Amino acid sequence: MAEFYHAVTLNEEMCVGCTNCIKRCPTEAIRVRNGKAVISSERCIDCGECIRICPHHAKRAHFTHLTKLSEYTYKIALPAPTLYGQFNNLDDIDYVLTGLKEMGFDSVFEVSRAAELVSEATRKLMEEGRLKRPVISSACPAVVRLIRVRFPDLCDHVLPLKSPMETAAAMAKEEAVRETGLPIEQIGCFFLTPCPAKVTDIKMPLGIEKSMVDGAIAISEVFPELSHKMDHLKSVEPIANSGIIGVGWATSGGESAALLNEKYLAADGIENVIRVLEEIEDERIGDLDFIELNACSGGCVGGVLCVENPYVAKARIQKLRKYLPVSQNHLAGGPIPPVMEWNSELEFSDVLTLSSDLNQAMQMMQKIDEIESQFPGLDCGACGAPTCRAFAEDVVKGVSRKTDCVFVYRQQMKKVASTLSQLEGDAAILPKKGEDEDAD
Amino acid sequence: MSMLHLTYQVPGDDFTRAGEASSDVKHKLKKLGYDPDAIRRVAIAMYEGEINMVIHAGGGEAIVDIDPDRVEIRLEDQGPGIADVEQAMQAGWSTAPDNVRTLGFGAGMGLPNMKKYTDEMTVDSQVGVGTTVFMKVFPGKKE
């Protein structure tokens, strides 16, 4: 396996070694070691839950900074529709898009335009009927990564289409090459991202070899300058070119509503996503064609790199969509363009299994069961692992010692103390010379 | 003696907890890196059996033995028993009460699904005494 890149990282200086993040992580990827959180690279899915929960702001997301724009002759902004929900009293998306041009982008290509094409392609693929039902959306990169490490049996249910971001980048670059005559290397596409999972998705994409996107800039990074520019626009350019369907992708339920088929479910928030995946795996969810899953509550509007409360953003987007056409972007007809499809399958990554050797794994689990029974079951996290079970696993793997558990440690100390006092008692029986008993 | 021996008490009066035992078995099999197809079949068959114990028998006990070449599931209850096992094995045949059906259960697919997803299954039942369902799942796809 190639090296891992993660957008979610730790600022050691700010980490106090508390237990908030270890308890929150959906893949049990974090441990506290020597008073600092350590993120397991193989397990992390870049969902950003630890960033959200950390009271000390020690978890950070890496993203591209605006300074990187200068590396390209022609710069294209790819705003996620979530961006539109960040502004108060906005009644025209063109204010945002024109503002982006004022910030130094040569052109703007709305990701919602590509989302409309992805929706149409999804409808087509679903009609063809060759996809395994229920089809699971591939739009949230944290969810795709979660499936890859926790749900081996669901990998082939994931929709094999590129995300709207990728399709938007491909279309925007092609358009720019045609219009400017510049070589493609001089054209830079920057996604304005609500979450760190998208940053990772650009560096280490799944389903495709290389991303067409050159950088992902946090919405929170562009927000201050962009809102300032928007307040001082001299004129507003007509750039916006997407409809209810495309803009709707910003919130949970938007992607599935675009399928124009009521046999769907949309779940958001990582715990809810996990519950739904468990039930699909057990075939407890019947008669649904499509499952939309978003790791963040509310959908992309809930991303940790947004500035606005997700539900406020959702309400604003609803209002903005109201007078838009249903959809403004359509496939040319005929088959789905191959550039929109994944070119490799999603493969299960067994980073959570105990051992690649089944016999050995079973022996380890026997030991884990045995050791776990010696722990108090409080899941206090003081040992640095999220649960007593996870801690028992760490002990068996040899990365922790049983005495890292404060309860086991206390028991052992009591034993030592009672042995000592016994020894002392034995010693007291011996005759003492010149020593007063009151001395202690 | 199997390599891993797990026992679960399945409560009979709490629908919201139904499925916990099969879910735990599924998690353990995943941790072991067990064959994914076998995991899926065990999870579905055991879930169905667990629900049956809750609906019909007031709970019971689930005993699971895991070995590299097989998973054995024994579901034992002291419920009313099944008068005609052959009939109960027919798809769509159910004695589930209405209140259970409104929850989406009781479609008469429990036992047929358990049979469908396992490699071997036996049902021992005596009216007024209880029912024991014994299932085996071998790694790999069922033919």
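Where pLDDT is low, the predicted coordinates should not be read in detail. Averaged over chain B, pLDDT is 90, and 98% of the residues of this chain reach 70 or more. For the model, the scores are ipTM 0.84 and pTM 0.90.

The secondary structure of chain B consists of five helices and five strands. Their order along the sequence of chain B is β-α-α-β-β-α-α-α-β-β. The C-alpha trace of chain B extends over about 40 × 30 × 30 Å along its principal axes. A compact globule of 143 residues would have a radius of gyration near 15 Å, and the 14 Å found for chain B therefore agrees with this expectation. Of the 143 residues in chain B, 38% are buried.

In soluble globular proteins, nonpolar side chains tend to be buried together. The largest nonpolar core in the model contains 156 residues, of which Ile76(A), Leu78(A), Leu192(A) and Val42(B) touch the most other members. To this core, helix 2 (residues 36–56) of chain B gives the most, contributing 12 residues. The surroundings of Leu192(A) may be described individually. With residues up to four places away in sequence left out, Leu192(A) touches Ala77(A), Leu78(A), Pro79(A), Ala80(A) and Leu83(A), together with Ile217(A), Ile219(A) and Val222(A). Leu78(A), one of these partners, is also among the core residues that touch the most other members.

The contact between the chains draws 18 residues from chain A and 15 residues from chain B. On the side of chain A that touches chain B, the elements giving two or more residues are helix 11 (270–281) and helix 13 (358–372) of chain A. Helix 13 of chain A provides the largest share of this side, with six residues. By residue class, the side of chain A that touches chain B comprises seven nonpolar, five polar and six charged residues.

How values were computed: Residues numbered from 1 in each chain as written. Chains lettered and ligands numbered in written order. Predicted model: local features only at pLDDT ≥ 70, side-chain atom pairs only at ≥ 80, totals over all residues. Helix = DSSP H or I, 4+ residues; strand = E, 2+ residues; numbered from the N terminus. Rg over C-alpha atoms; globule rule 2.2 N^0.38 Å. Buried ≥ 20, exposed ≤ 12 C-beta atoms within 10 Å, placed from the backbone. pLDDT = per-residue confidence, 0-100. Core = buried A, V, L, I, M, F, W, Y, C linked by C-beta atoms within 7 Å. Contact = placed C-beta atoms within 7 Å. Nonpolar A, V, L, I, M, F, W, Y, C, P; charged D, E, K, R; others polar.
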